[in-house]
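Please look over the protein below. A short briefing on its fold and its local features follows.

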Amino acid sequence: MNHDLVRRFLLDGTAVRGEIVSLDDCWRQIASRHDLPPVALSTLGELSAAAVLLSATLKFDGSLIMQIHGDGPIALMVVECRSDGRLRATVKEREGTSIPADAQLGELVNRQGRGRFAVTLDPRVRNENRQPWQGIVPFEGDSVAEVLEHYMQRSEQLPTRLWLAAGPERASGLLLQQLPTEGGRDIPADPDAWNRMETLANTLERSELLQHPPAELLKRLFWDEPLRGFDARPVHFGCGCSRAKVAGMLKMLGTAEVEDILSERDPVEVRCDFCNQAYQFDPVDCAALFRDTVTGDHPASRH
Ligand SMILES: [Zn+2]
């Protein structure tokens, strides 16, 4: 069974919409690249499902990036979902600590209450009107769903509820969102729909979320509701790293620094945090990097 899909739905005649996501192969590709104990792994999976869900609610061409900046054994957790459905994720452990196998989420990322949660929208094409935007809030809640719900509240976005679950094989999630009813028009024929849908979704067990494919879950939960589903959109694992980008990063370090690294380690190896791909640069490659810079057509760097 393979369902790397996100599906939108509406409740006809109401102001409630939703998204449901299931990540199988895509999630296993991410999970297999990080050696994490269960709580950390399920947190990364839930954050991945949440990023796909939130990204699906936006009309936005670019990357949605969710970050947990932790003050405990997990220093950083990052999930990036692009509007074309490409997903990647990574975790940085704090140096000198290890992630306890049985720790709760709060102990991992909010030990001293200094954890932060951030959402960034990075447009694919940047210009005057399209600049990256970031919202950042204190880490509040005992689960990814709660933290994200608080974030939506604090940033005065649409009332949103999330139900998330992740294990080694699958990450899944359900999102419900209450749409605005502006100026008295579009008054929903069914004003109780939000509470009813929320109550139904609250009956959802994590095990059910992980067990059933999205279409079946929707049927089970909202079988008595006038649900209208839309085409599912695919999600896939993918990383935007490249040898050229790593070369650019080495150039930024400067020739002295790179030579310093080479003296300790030849070739220089840079490993992508997201996909684990290794890029190697031997002394000849490194020399070429800086030779290109000197002879390259960059008038600004000549004086
Ligand atoms: Zn990569």
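The points below go from the whole chain to single residues.

This is a predicted model, in which local features need pLDDT of at least 70, side-chain atom pairs count only at pLDDT 80 or more, and totals for chains, interfaces and linings use all residues. Residues are numbered from 1 along each chain as its sequence is written, and side-chain values use heavy atoms, with hydrogens and water left out.

**Overall fold**

- The protein chain has ten helices and 13 strands; helices (H or I, at least four residues) and strands (E, at least two) are DSSP runs, numbered from the N terminus.
- The C-alpha trace spans about 70 × 45 × 40 Å along its principal axes.
- Of its 303 residues, 47% count as buried. Buried means under 20% relative accessible area, exposed means over 50%, and partly exposed lies in between (1.4 Å probe, protein chains only).
- Among contacts with a separation of 6 or more, 62% join residues 24 or more positions apart. Contact means heavy atoms within 4.5 Å.

**Zinc site**

- Cys239, Cys241, Cys272 and Cys275 coordinate the zinc ion through their SG atoms, at 2.3 Å. Donors are N, O and S atoms within 2.8 Å of the metal (3.2 Å for Na, K and Ca); water is not among the atoms, so sites may look incomplete.
- The site is tetrahedral, with angles of 101 to 118° among the four donor atoms. Four donors count as tetrahedral if all angles lie between 85 and 135 degrees.
- The ideal angle for four tetrahedral donors is 109.5 degrees.
- Along the chain, the donors follow the spacing C-x1-C-x30-C-x2-C.
- Cys272 and Cys275 are both buried.

**Two helices with a buried face**

- Helix α5 (residues 193-202) has Ala193, Trp194, Met197, Glu198 and Ala201 buried. Seen down the axis of α5, these residues fall within an arc of 125°, so they line one face of the helix. The arc is that of the directions from the helix axis to the C-beta atoms.
- The buried residues of α5 pack against β1 (5-11), β2 (16-23), β8 (160-166), β9 (171-178), α7 (214-221) and β10 (227-234).
- In α7, the buried residues are Pro214, Leu217, Leu218 and Leu221. They fall within an arc of 100° seen down the axis of α7, so they too line one face of their helix.
- The partners of that buried set in α7 are β1, β2, β9, α5, α6 (206-211) and β10.
- Glu225 is in the loop between α7 and β10. At 14% relative accessibility, Glu225 counts as buried. Glu225 touches Leu11, Arg196, Met197 and Leu200, not counting residues up to four places away in sequence.

**Aromatic rings**

- The structure holds two aromatic pairs. Rings of Phe, Tyr and Trp (its six-membered ring) pair if their centres lie within 6.5 Å; planes under 30 degrees apart count as stacked, over 60 as edge-to-face and the rest as tilted.
- Phe9 and Phe222 form a tilted pair, 6.1 Å centre to centre with 40° between the planes. Phe9 lies in strand β1 and Phe222 in the loop between α7 and β10, so the pair ties together parts 213 residues apart in sequence.
- Phe9 is buried at 1% relative accessibility, and Phe222 is buried at 2%.
- Phe117 and Tyr151 form an edge-to-face pair, 5.6 Å centre to centre with 80° between the planes. Phe117 is in strand β6 (residues 116-123) and Tyr151 in helix α4 (residues 144-154), 34 residues apart. Both are buried.

**Charges over rings**

- The charged end of Arg88 sits over the ring of Phe274, 3.8 Å from its centre. Such a charge is NZ of Lys or CZ of Arg within 6 Å of the ring centre and within 35 degrees of the ring normal.
- Arg243 lies over the face of Phe281, 4.0 Å from the ring centre.

**Backbone points to check**

- Most residues other than glycine have a negative phi, and most peptide bonds are trans.
- The peptide bond from Asp266 to Pro267 is cis, with omega near 0°. Pro267 is in the loop between α9 (255-264) and β12 (268-271).
- Glu156 has a positive phi, near 50°. Glu156 lies in the loop between α4 and β8, and is exposed at 73% relative accessible area.
- Asn276 has a positive phi, near 75°. Asn276 is in the loop between β12 and β13 (278-281), and is partly exposed at 37%.

Technical notes
Tetrahedral: all angles 85-135°; square planar, octahedral: opposite > 155°, others 65-115°.
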